[in-house]
Amino acid sequence: METSEPKILFFDIGGVLLTNGWGHDSRKLAAERFGLNYDELNTLHNYIFNVFEIGNITLDEYLDTVIFNHPRDFTREDFKEFVYSRSKELPGLLQWMKEWKRDCGFRVISINNEGKELNTYRVKKFKLHECFDAFVSSCDVKMRKPDPNIFLLALGIAQARPEQCYYFDDRIFQVETAKSLGMHAYHHTSFEETKAILERIKKEISQPQ
């Protein structure tokens, strides 16, 4: 009976399948390219980014606070284009997952922190619907990791118990949160290692008990 129960894969996106949408390295590069004071940018970013990630302000409102709080010699559209351009596919895993998902027997759902505009862009740009059955994104559910409640919400959406679920994240503290709720959770460190774990899980659950 256990083997007939649905098995759910939960995945983070940034740092696992794609680069982080607007991480530290991107902000540092933006400061260099646009002639910004990085310390000021980062302080204001840390002040308001959580509000953006839970969907309570738009990308334009975030930029009003962090970037366009002074007159600039570049346009808003130029800066937004740069922000979007920092999203890139990490080698290997996403394309492999799209193929593997076709007969893996799992439902695959994201649990990711992302602002609304960046989340929408990344889903469309990288055709993430080919990999995910649903998205539990911070901008839509008004919660963000490491809040345990976003994991509990994801379990409710999947209508699954923690022991039926497998979670992958590149940040160890997010992995520990998932583990504390009873999920099988793994620290993603490379395409090859995560691929091997997924193949092993698929083999284990396909074997008669």
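This note goes through the pockets, helix packing and backbone details of the structure above.

1. On the basis of the note, the structure is a predicted model, in which local features need pLDDT of at least 70 and side-chain atom pairs count only at pLDDT 80 or more, while totals for chains, interfaces and linings use all residues. Residues are numbered from 1 along each chain as its sequence is written, and side-chain values use heavy atoms, with hydrogens and water left out.

2. The largest pocket has a volume of about 480 Å³. A pocket here is an open set of points on a 1 Å grid over the protein atoms alone, with protein on both sides within 12 Å along at least five of seven lines, and its lining residues have an atom within 4 Å of a point. Grid points are joined across faces, edges and corners, and the volume is the space filled by probe spheres set on the points.

3. The lining of the largest pocket consists of 26 residues, and those nearest its centre are Asn20, Phe49, Glu53, Asn113 and Arg171. Two or more lining residues come from each of α1 (24–34), α2 (38–53) and α9 (172–180), and α2 gives the largest share, with five residues. Helices are DSSP runs (H or I, at least four residues), numbered from the N terminus.

4. By residue type, the lining of the largest pocket divides into five nonpolar, 11 polar and 10 charged residues. In this division Ala, Val, Leu, Ile, Met, Phe, Trp, Tyr, Cys and Pro count as nonpolar, Asp, Glu, Lys and Arg as charged, and the others, Gly among them, as polar. The pocket lies between domain 1 (8–20 + 88–206) and domain 2 (24–86), because both domains give residues to its lining; the domain bounds come from an automatic or database domain assignment.

5. There is also one cavity of 30 Å³ or more, a cavity being a set of grid points where a 1.4 Å probe fits but cannot get out. The largest cavity holds about 50 Å³ of space and is lined by Leu36, Asn37, Glu40, Leu41, Val66, Ile67 and Arg72, which divide into four nonpolar, one polar and two charged residues.

6. Helix α2 packs against α1 at an angle of about 140°, with their axes 9 Å apart, and α1 is therefore oblique to α2. Helix α2 also packs with helix α3 (residues 59–66) at about 155°, their axes again being 9 Å apart, so that α2 and α3 are roughly antiparallel. The crossing of α1 and α2 is right-handed, and α2 passes α3 in a right-handed crossing. Axes are lines fitted to C-alpha atoms, for helices over the stretch in contact, and angles run from 0 to 180 degrees between N-to-C directions; those under 35 degrees count as roughly parallel, over 145 as roughly antiparallel, 65 to 115 as roughly perpendicular and the rest as oblique. A crossing is right-handed if the near helix is turned clockwise from the far one by less than a right angle, and left-handed if anticlockwise.

7. In the loop between α7 (138–141) and α8 (148–158) lies Pro146, which a cis peptide bond with omega of about 15° joins to Lys145. Lys142, which is also placed in the loop between α7 and α8, has a positive phi of about 65° although it is not a glycine.
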